[in-house]
Amino acid sequence: MNKPLKSLEAIVAELEGYDPQALQADRVGEFLSQLVNPVTEQETLGIFQALDRTLAQDVISPISVPPHDNSAMDGYAFVGAQLSPSQALHLRVVGTALAGAAWHGTVQAGECVKIMTGAVMPAGLDTVVPQELAEGVGEHIHVAPGRLQAGDNRRHLGEDVKAGHAALRRGERLGPAALGLLASLGIAQVSVLRRLRVAYFSTGNEILSVGEPPREGAVYDSNRYTVFGLLTRLGCEVLDLGVVPDTPAALEAAFLNAAQQADAIITSGGVSVGEADYTKAMMKKLGDVAFWKIAMRPGRPMAVGRIGRSVLFGLPGNPVAVMVTFLAFVRPALLQMMGRTSPAPPLLKARSLEPLRKKPGRTEYQRGTVTLQANGSLAVRTTGNQGSGVLSSMVQANGLIVLHHQQGDVAAGDEVDVMMFDGVI
Ligand code: AMP
Ligand code: MG
């Protein structure tokens, strides 16, 4: 069951230190987690189709994996209690257990069964001496003392997954390992949450679409493409509404169209102070929307709220600011809407290879290239011009250096936190 939708007023009333004119970056997440609700509709999919989807229910295993005790090595199975710390153990080979077919003979003291990796352990036997530790010829082998302990090289029934236990939990992403695990349980279909639908458009009179001829004072729309990439990587269903002209009629139509179809709406541009265009006015008219100045760089202006039942993320226009605010705020909120319960990946520590200037009182996200040093530790260097419009800095970077709100200047050699892109975007 979902919690009822809370008005922005109600969220703000409970939020400590809420100042929309100078909002601390780490307050944004708290606010957004109250604003959004996970989708609830489920669908049943085959394993291949379920890649990267969110599991809607716990998966209770119908079987144990492995389904029987089996050998972890090619070797000889025997009763481990016969091992002595001082004397070699001599064994006679009385049969062969192959993988895929149980061997049903009986084994006496002083006897063993040749066994292959994965083959069922014959009844009563608990230890396997690997081929390379079993000396001897033909039907007789011996195991030197001190090389092996009773129980070695036996895999236990259910040591991976036990029948009747939850093998996967609702809210988990079905990554490659989870797909394989489902298959190992013999499960062909799985209940997942429906995909999140996210509509996005770019605003601004100076924004050209790719294909249009260049015009003085105008720039090509890059945000549409970065947002497309970010959302697609996340596994969202995307609704691309293009560049919306800066007229009240066009903006109103775009917002209403988006709100009717999508769980979330992402716009870029038109939310900073002194904007000449109609974006902010239309957000205010159609929805319950807060306009923030966030104490951060790049970023700062952002609008959040709801239009109808859709959650609105009004991002700044600058291309790097779009990506940074998406990664820092929008992505975690969308994951919550997608029903994910997995915690965010941890920030990593890396040594800064250069001094970094930083004013306390705002959070900075600098583009960085993280490398592995010869001594095994991580180091990071910024990628040149950190201007919020310099998109090439994002292309070169493999992570963001997060300089926290209270943090001051960083000296070369100091440790800093980094948020890696790999596996994320
Ligand atoms: P704004 O937040 O609307 O003041 O925009 C800030 C800066 O970002 C301006 O220089 C805009 O030209 C630029 N910008 C806004 N939207 C886009 C876009 N979709 N693609 C590339 N640049 C943009
Ligand atoms: Mg603008």
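Visitor: Are Asp263 and Arg194 buried or exposed?

Guide: In this predicted model, Asp263 is buried, and Arg194 is buried too.

Visitor: What makes Asp263 and Arg194 a salt bridge?

Guide: Their side chains come to 2.9 Å, N to O. The cut-off is 4 Å between a side-chain nitrogen of Lys or Arg and a carboxyl oxygen of Asp or Glu, so this pair counts as a salt bridge. Asp263 sits in the loop between helix 5 and strand 18, and Arg194 in the loop between strand 13 and strand 14, so the pair ties together parts that are 69 residues apart in sequence.

Visitor: Why is Glu364 called buried?

Guide: Buried means under 20% relative accessible area, and Glu364 has 4%, so Glu364 is buried. Its salt-bridge partner is Arg362, with the closest N and O atoms 2.9 Å apart. Arg362, at 19% relative accessibility, counts as buried as well.

Visitor: Which residues do salt bridges with shared partners join into one network?

Guide: That network is made of Glu41, Arg194 and Asp263.

Visitor: Why is Arg92 called partly exposed?

Guide: Its relative accessible area is 36%, which lies between the 20% limit for buried and the 50% limit for exposed, so Arg92 is partly exposed. Glu111, by contrast, has 13% and is buried.

Visitor: What do Arg92 and Glu111 form?

Guide: Their side chains meet in a salt bridge at 3.4 Å, N to O. Arg92 belongs to strand 6 and Glu111 to strand 7, so this pair ties together parts that are 19 residues apart in sequence.

Visitor: How many salt bridges does a search of the whole structure find?

Guide: The search finds 13.

Definitions and conventions:
Residues numbered from 1 in each chain as written. Chains lettered and ligands numbered in written order. Predicted model: local features only at pLDDT ≥ 70, side-chain atom pairs only at ≥ 80, totals over all residues. Heavy atoms only, no water. Helix = DSSP H or I, 4+ residues; strand = E, 2+ residues; numbered from the N terminus. Buried < 20%, exposed > 50% of the residue type's maximum accessible area, 1.4 Å probe, protein only.
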